[in-house]
Amino acid sequence: MPAESLSLRPFRAEDAQRVTDLITSPGVLKYLALPTPYKLEHAQDFINRCITQHLPHFGVWVNGELTGCIGLGNPPGGDAAIQMAGYWYGAAYHGKGIATRAMQQFLPMLPALAPQCRSIVAFTHCENIASQRVVEKNGFTCNGKITEYNGRQLPFSAAYQFTRSMRDIINHTFTIKPWEPADTATLHHLISPVEITSNLLIPTPYQLHHAQEFIQDTTSKPCCRYAICTNGNIVGGIGAEYTSAANGDQDIKIGYWLGTAYRGRGYATAAVKLMLQLIPLLMPEHNTIYARVLKHNTASAKVLENCGFSCTAEIAYGTGADTPAEVYHFEYRNA
């Protein structure tokens, strides 16, 4: 089963019957702390909470079929600095590598989904060898067998505890992470070349105090601006912000850039796809997702096309200069 056939998507109300059927398939409930028997109303309640509380839980889809769930939550007696990863799959989808690939796709989302988190914990039932292999293959370390966590009894008799630090995830995956004050010099170095500032329509020359002001603004209030990282190295930036449409709708504008040494490697495409997965949870109230690129920036236009955007207009974009910039307006087809 090819990796590209697997995707993570937030649950919708119409998924309730499918969730019920998957959880009640043979051998699934015995490893989950869920009501038994598990009924349709339990699935409806779960999905409703996911939607209304914007919980970081995703349905795992393979070849157009919902196969299971992966998500993040608070462990028993835990705090925001430690989050718990959990997952389950219908019996027909066990032993096919789906859980391992879903976790591989899920981990890069965590720095943005849980910016205050320092460590991810996972508990696996002692008999569930397959689940233990999933977290081991995804870089988790086993801390031994436990019967309680933070002074609270586990919902089953005993489990193995696995952990992985958020820093380790950032250092060993392709991901997007919140900007930090320590990134100021790197940001300035990467973004200051004129071929980047001219495409982004930001101050030229871009000086260190511009980078300081950007990161200070980013870290002082909730926003969706991230550093693009590969194996711990910052290679660019990506962000999304709310804008108001002429008809009063609330839209989302995406922007991104890469350092000149990191172009042509697929990083921009991967970062945009990751942002599109995150937007339904981080910025759920919106109508259209769009992006704008200068007409000469064909590489950026190709990135958007690869991510499911379509060019819908050519517009003159006012920048304060004597002559407006000519840009392509792209909209996301699957918004």
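Is N138 buried or exposed, and what is its relative accessible area? N138 is buried (under 20% relative accessible area, with exposed meaning over 50% and partly exposed in between, for a 1.4 Å probe and protein chains only), and its relative accessible area is 5%. The model is predicted, and local features need pLDDT of at least 70, side-chain atom pairs count only at pLDDT 80 or more, and totals for chains, interfaces and linings use all residues. Residues are numbered from 1 along each chain as its sequence is written, and side-chain values use heavy atoms, with hydrogens and water left out.

N138 is found in the loop between α5 and β6; helices (H or I, at least four residues) and strands (E, at least two) are DSSP runs, numbered from the N terminus. When neighbours within four places in sequence are left aside, N138 is in contact (heavy atoms within 4.5 Å) with T100, M103, Q104, L107 and R164. G139, which follows α5, has a positive phi, near 85°.

Helix α5 comprises residues 129–137 and lies across β4 (82–89), β5 and β9. Its direction is at about 160° to β5, where axes are lines fitted to C-alpha atoms, for helices over the stretch in contact, and angles run from 0 to 180 degrees between N-to-C directions. Within α5, the residues S131, Q132, V134 and V135 are buried. They lie on the same side of α5, because the arc they cover around the axis is only 155°; the arc is that of the directions from the helix axis to the C-beta atoms. An α-helix has 3.6 residues a turn, so residues three or four places apart point the same way. The buried residues of α5 pack against β4, α3 (98–106), β5 and β9, whereas A130 and K137, on the other side of α5, are exposed.

The strands β4, β5 and β9 belong to an open sheet of 7 strands with mixed pairing, in the order β1-β2-β3-β4-β5-β9-β6. Two strands pair if DSSP finds at least two bridges between them. β1 (6–9) and β6 (141–146) each have a single partner strand and stand at the edges, so one side of each has no neighbour in the sheet. On average, neighbouring strands of this sheet are turned by 25° against each other, direction ignored. Strands β5 (residues 119–125) and β9 (residues 159–165) run antiparallel and are joined by 7 bridges. A122 has F162 in β9 as its bridge partner.

G264 lies in the loop between β13 (250–258) and α10 (267–282). This residue, G264, is exposed, with a relative accessible area of 86%.
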